[in-house]
Amino acid sequence: MALALGAKLSLVVVKQISKPIATFVKREAKAHPMLAIPLEYAGSTTHRLGINLQRVILGKGMLSRGSIATVAPLTREHAVDLGAELLGET
């Protein structure tokens with residue numbers, strides 16, 4: 001019983017410590033120009049995969065009138081933000 005309580009308490013402490021660290025990493029990654037490129041790519045890819053998955057789930061499929069449906073691209077800033085969110089979640 002005490003071991004389980006100690007494990008739960010340890011997990012809460014780790015979560016509380018990791019939140020500010022993740023916020024700091026996201027903020028610094030968005031500000032650094034060399035990291036903005038992979039973050040933009042990750043954000044755009046995540047967006048495109050999410051939209052295509054949503055289309056498949058809704059039954060619309062990825063094909064539109066015999067050709068591959070295109071996904072409207074995100075702005076650079078929005079793609080970097082989405083990539084930074086993805087970085088902060090991992």
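## Two faces of helix α3

On one side of helix α3, Glu77 and Glu89 are exposed (exposed means over 50% relative accessible area, buried under 20%, and partly exposed in between, with a 1.4 Å probe and protein chains only). This is a predicted model, where local features need pLDDT of at least 70, side-chain atom pairs count only at pLDDT 80 or more, and totals for chains, interfaces and linings use all residues. Residues are numbered from 1 along each chain as its sequence is written, and side-chain values use heavy atoms, leaving out hydrogens and water.

**A closer look at α3**

- Helix α3 covers residues 76-89, and its 14 residues reach 20 Å from first C-alpha to last, close to the 20 Å expected at 1.5 Å a residue (the expected span is 1.5 Å times one less than the number of residues).
- Its buried residues are Ala79, Val80, Gly83 and Ala84.
- Down the axis of α3, these buried residues fall within an arc of 135°, so they line one face of the helix (the arc is that of the directions from the helix axis to the C-beta atoms).
- An α-helix has 3.6 residues a turn, so residues three or four places apart point the same way.
- The cover over the buried residues of α3 includes α1 (2-31) and α2 (33-57).

**The whole chain**

- The chain has 3 helices and 2 strands (DSSP runs numbered from the N terminus: helices are H or I with at least four residues, strands E with at least two).
- From the N terminus on, the order of elements is α-α-β-β-α.
- Of the 90 residues in the chain, 14% are buried.

Terms used: Contact = heavy atoms within 4.5 Å.
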